[in-house]
Amino acid sequence: MKPIRVMSVFGTRPEAIKMAPLVKTLSEREGIESLCCVTAQHREMLDSVLEIFQITPDFDLNIMEPGQTLSTITTKCLLGLEKVFAEAKPDLVLVHGDTTTAFSSALAAFYSQIKIGHVEAGLRTYDKYSPFPEEMNRTLVGDLADLHFSPTAANRDNLAREGVTKGVFLTGNTVIDAMATTVRPDFRFPTEILNRLDYKGKTVIAVTCHRRENYGAPMEHIMTALRWIVETYPQVELVYPVHLSPVVRQAAGKFLSGHERIHLIDPIDVEEMHNLMARCSFVMTDSGGLQEEAPALGKPVLVLRRETERPEAVSAGTVKLAGTDEETVVTLASQLITDKAAYDAMAHAVNPYGDGHACRRIAEAVEYAFGLRTAVPEQFQA
């Protein structure tokens with residue numbers, strides 16, 4: 001039999017972090033011809049991940065433009081991928097998660113009548129505007145997909161409630177596989193301030209805040225709370241790699257600049273972020289991926305959103321929903337800073353997201369779906 005031609009398509013840094021180890025794993029399988037296409041929905045942040053994992057895309061749409069909108073991203077992806085698919089003729093297109101690249105790529109594959117595999121399938125909040133546009137992106141990809149690679153049993157169960165039971169595989173999350181490459185005890189940060197922080201003597205808090213649904217008043221409440229935390233607790237050092245979004249940078253500058261223990265830095269690459277989380281005290285974030293990555297490193301996470309599509313870590317105890325209310329954010333952060341028992345309870349909780357073998361399981365599931373193996377692939381057990 002000729003090899004299965006599998007094309008992985010992604011365009012943002014979070015996608016690249018989680019797809020890079022899968023691209024590498026697929027390239028090592030004898031029965032699979034692995035191809036990679038990037039849309040470059042995010043250009044610089046995407047390129048840094050490609051460099052770290054030493055991946056050279058076979059196709060690069062290079063769609064990013066100043067002031068791009070969801071409509072321009074979708075349109076450029078559809079038109080560009082129509083040509084790529086016609087040239088490459090993949091048997092399967094793999095997309096990741098909930099980005100506009102993921103939805104557009106799945107739609108383009110559907111239009112070309114190519115099978116679709118959804119990596120990180122089945123996450124839901126059941127509120128189509130939160131997160132926006134991610135919730136609808138992943139739901140629509142799920143409607144289009146033929147193969148569904150669910151990180152957790154809860155994700156699989158979400159699909160089952162929607163009537164999706166065929167082609168569903170329980171794999172764990174590929175981000176845990178990625179961290180085996182990125183986290184090192186001897187790592188030295190390219191961003192020099194991160195090398196000078198006293199991670200053992202101080203309470204170093206790693207922060208990210210960039211979600212569209214937090215723009216405006218929610219983000220102002222979050223940043224007011226962050227400022228109060230630093231000013232109240234002299235042992236706290238806050239590190240905030242500020243997203244390139246002008247809205248986010250303006251808010252961060254307005255509420256958080258000018259304090260010697262608040263370090264507003266430019267976005268950092270995946271190696272720096274993973275190693276920062278490995279050394280910090282805890283994480284405050286509205287990101288999705290960090291909710292999975294930090295628990296794998298034994299770090300408590302306060303989620304700066306009203307809900308999460310990743311409830312497994314909340315149930316396990318390593319993640320708490322802080323929301324965007326200033327008082328709640330302050331209360332939960334203060335507890336982690338001042339109450340060792342509360343901190344230890346979160347830090348020692350079990351990580352429910354993976355064991356570092358998700359990529360192997362996905363590759364075996366692809367082989368099984370295309371008849372290259374007869375045994376049903378092993379399922380992830382949390």
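Helix α6 is followed by glycine 163, which has a positive phi, near 90 degrees. The structure is a predicted model, in which local features need pLDDT of at least 70 and side-chain atom pairs count only at pLDDT 80 or more, while totals for chains, interfaces and linings use all residues. Residues are numbered from 1 along each chain as its sequence is written, and side-chain values use heavy atoms, with hydrogens and water left out.

Within α6 (residues 153–161), a helix here being a DSSP run of H or I of at least four residues and a strand a run of E of at least two, Asn155, Asn158 and Leu159 are buried, that is, under 20% relative accessible area with a 1.4 Å probe and protein chains only. These residues cover an arc of only 95 degrees around the axis, which puts them on the same side of α6, the arc being that of the directions from the helix axis to the C-beta atoms. Their cover, counted by contact (heavy atoms within 4.5 Å), includes β6 (147–150), β7 (168–170) and α13 (311–316).

Helix α5 (residues 134–144) is largely enclosed by the rest of the structure, because eight of its eleven residues are buried. Among them are Glu134, Glu135, Arg138 and Leu144, and the elements covering the buried residues of α5 include β4 (92–96), α4 (100–111), β5 (115–119) and β6.

In the contact between α1 and α7, Ile17, Lys18 and Pro21 of α1 meet Thr174, Val175, Asp177 and Ala178 of α7.

How values were computed
Buried < 20%, exposed > 50% of the residue type's maximum accessible area, 1.4 Å probe, protein only.
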